Amino acid sequence: MWRLLVGILCVLGLMAIWLHQGTNAVPNRTMPVFRPALTARVFNEFGLGKVVMVKVNDASRLTIWLGNELYGKRRSGDQAISVARSMDASVVMTASFHWWTGEGFIVLGQVVYNGENLVSPNPEVLRWQRCYFATTWDGKFLIGETNLTTGKLIQKLPQIRHLVGGGGWLVKDGDPEAWRLAFAQGFRQDITNLKRERTVVAIDKNGKTAWLTVFEGCVSLREAAWFLKRNLPIHHAIFFDGGRNSVLVIRSQDGEFLSYGTPRPLPEVPCMLVVR
């Protein structure tokens with residue numbers, strides 16, 4: 001009888017550890033990235049699947065890749081791994097939201113590159129006060145929301161160097177329930193309600209650290225927000241286009257490009273965040 005009791009206690013103990021790991025995920029693998037000051041962490045979170053994130057401590061290393069203008073507002077696209085190779089990048093992640101017109105892409109959020117407005121916000125994006133992720137000339141990360149045109153935004157925030165807009169709230173001022181604001185930001189129900197792969201950017205309160213994150217498993221906005229809150233010292237976090245647009249490419253120490261995210265990526269996308 002005592003052996004049976006010991007066996008039951010052992011099983012219960014293992015189950016408790018398993019459940020604890022599911023609610024407080026510890027990365028089961030840390031990968032040094034090709035260049036110093038970047039670390040990729042891989043979580044296998046119970047119920048959420050694989051989560052891969054890259055911690056970036058130097059805003060000056062982040063830039064933007066944008067497809068070439070075709071005509072009008074339409075732009076070309078490319079694969080994240082191709083962009084990583086061509087730019088000799090350490091990390092590349094898909095960003096913003098876009099439409100495919102059949103003849104090119106239209107990027108919905110504003111894009112600023114080296115202080116120059118390359119893409120004006122779509123009028124609907126302005127109306128819904130979507131979120132942006134930006135870097136400043138003095139080397140900080142910013143996340144915020146605006147209903148201003150890019151020109152007025154730069155006038156208001158002249159320190160902006162690079163900016164990608166069009167995103168939605170996940171965590172705001174440390175509140176992981178800020179994902180509910182996405183409804184008021186005009187996102188479709190298939191984006192807000194359904195579980196899907198997610199592409200996320202988060203920053204700390206001082207704007208000194210950013211995390212580029214992709215959820216390979218299909219998760220809700222709430223699940224993504226609470227995962228970030230539990231595992232990172234974040235102040236703000238926003239989501240960009242998910243689903244088939246969720247791709248994070250990391251260059252390993254041996255120079256190999258590793259791709260994470262959706263198993264069925266779009267053939268091309270028009271806008272990406274790049275870390276040199």
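1. Is Phe133 buried or exposed? Phe133 is buried, with a relative accessible area of 2%; here buried stands for under 20% relative accessible area, exposed for over 50% and partly exposed for the range in between, with a 1.4 Å probe and protein chains only.

2. Basis of the values. The model is predicted, so local features need pLDDT of at least 70 and side-chain atom pairs count only at pLDDT 80 or more, while totals for chains, interfaces and linings use all residues. Residues are numbered from 1 along each chain as its sequence is written, and side-chain values use heavy atoms, with hydrogens and water left out.

3. Overall composition. The protein chain holds 7 helices and 20 strands; these are DSSP runs numbered from the N terminus, helices being H or I with at least four residues and strands E with at least two. Of the 276 residues in the protein chain, 52% are buried. Among contacts with a separation of 6 or more, 67% join residues 24 or more positions apart; a contact means heavy atoms within 4.5 Å.

4. Aromatic pairs. Rings of Phe, Tyr and Trp (its six-membered ring) pair if their centres lie within 6.5 Å; planes under 30 degrees apart count as stacked, over 60 as edge-to-face and the rest as tilted. By this rule the count comes to 8 aromatic pairs. The Phe97 and Phe187 pair is tilted, because the ring centres are 5.4 Å apart and the planes stand at 45°. This pair links distant parts of the chain, 90 residues apart: Phe97 is in the loop between strand S7 (91-94) and strand S8 (98-100), and Phe187 in the loop between helix H5 (181-184) and helix H6 (189-192). Phe97 is buried at 6% relative accessible area, and Phe187 is buried at 8%. Phe133 and Phe141 form a stacked pair, with 5.9 Å centre to centre and 10° between the planes. Phe141 is also buried, with a relative accessible area of 2%. A further group, Phe43, Phe215 and Phe227, forms one aromatic cluster.

5. A charge over a ring. The charged end of Arg130 sits over the ring of Phe187, 3.8 Å from its centre; the criterion is NZ of Lys or CZ of Arg within 6 Å of the ring centre and within 35 degrees of the ring normal.

6. Nonpolar cores. A nonpolar core is a set of buried Ala, Val, Leu, Ile, Met, Phe, Trp, Tyr and Cys residues joined through side-chain atoms within 4.5 Å. The largest nonpolar core has 35 residues, of which Phe133, Phe141, Val201, Leu212, Phe240, Leu248 and Leu273 touch the most other members. Beyond its neighbours within four places in sequence, Leu273 is in contact with residues including Leu62, Ile64, Val91, Met93, Phe133, Val201, Leu212 and Phe240. Another core, of 26 residues, lies apart from it, with Ile191, Ala224, Leu232 and Ala237 among them.

7. Ser96. This residue is found in the loop between S7 and S8 and counts as buried at 1% relative accessibility. A polar atom of the Ser96 side chain lies 3.0 Å from the backbone oxygen of Gly165. Although not a glycine, Ser96 has a positive phi of about 60°. Most residues other than glycine have a negative phi.

8. Asn114. A positive phi of about 50° is also present at Asn114, which is not a glycine. Asn114 lies in the loop between strand S10 (111-113) and strand S11 (116-119) and is partly exposed, with a relative accessible area of 33%.

9. His236. Located in strand S17 (residues 236-240), His236 counts as buried at 11% relative accessibility. The His236 side chain reaches the backbone nitrogen of Asp173 at 3.1 Å.

10. Lys208. This residue is found in the loop between strand S15 (196-203) and strand S16 (210-219) and is exposed, with a relative accessible area of 52%. Not counting residues up to four places away in sequence, Lys208 touches Val56, Asn57 and Phe141. The C-alpha atoms of Lys208 and Val56 are separated by 8.5 Å, the two being 152 residues apart along the chain.

Definitions and conventions:
Polar contact = N/O pair within 3.5 Å; in protein donor to acceptor, adjacent residues only side chain to side chain.
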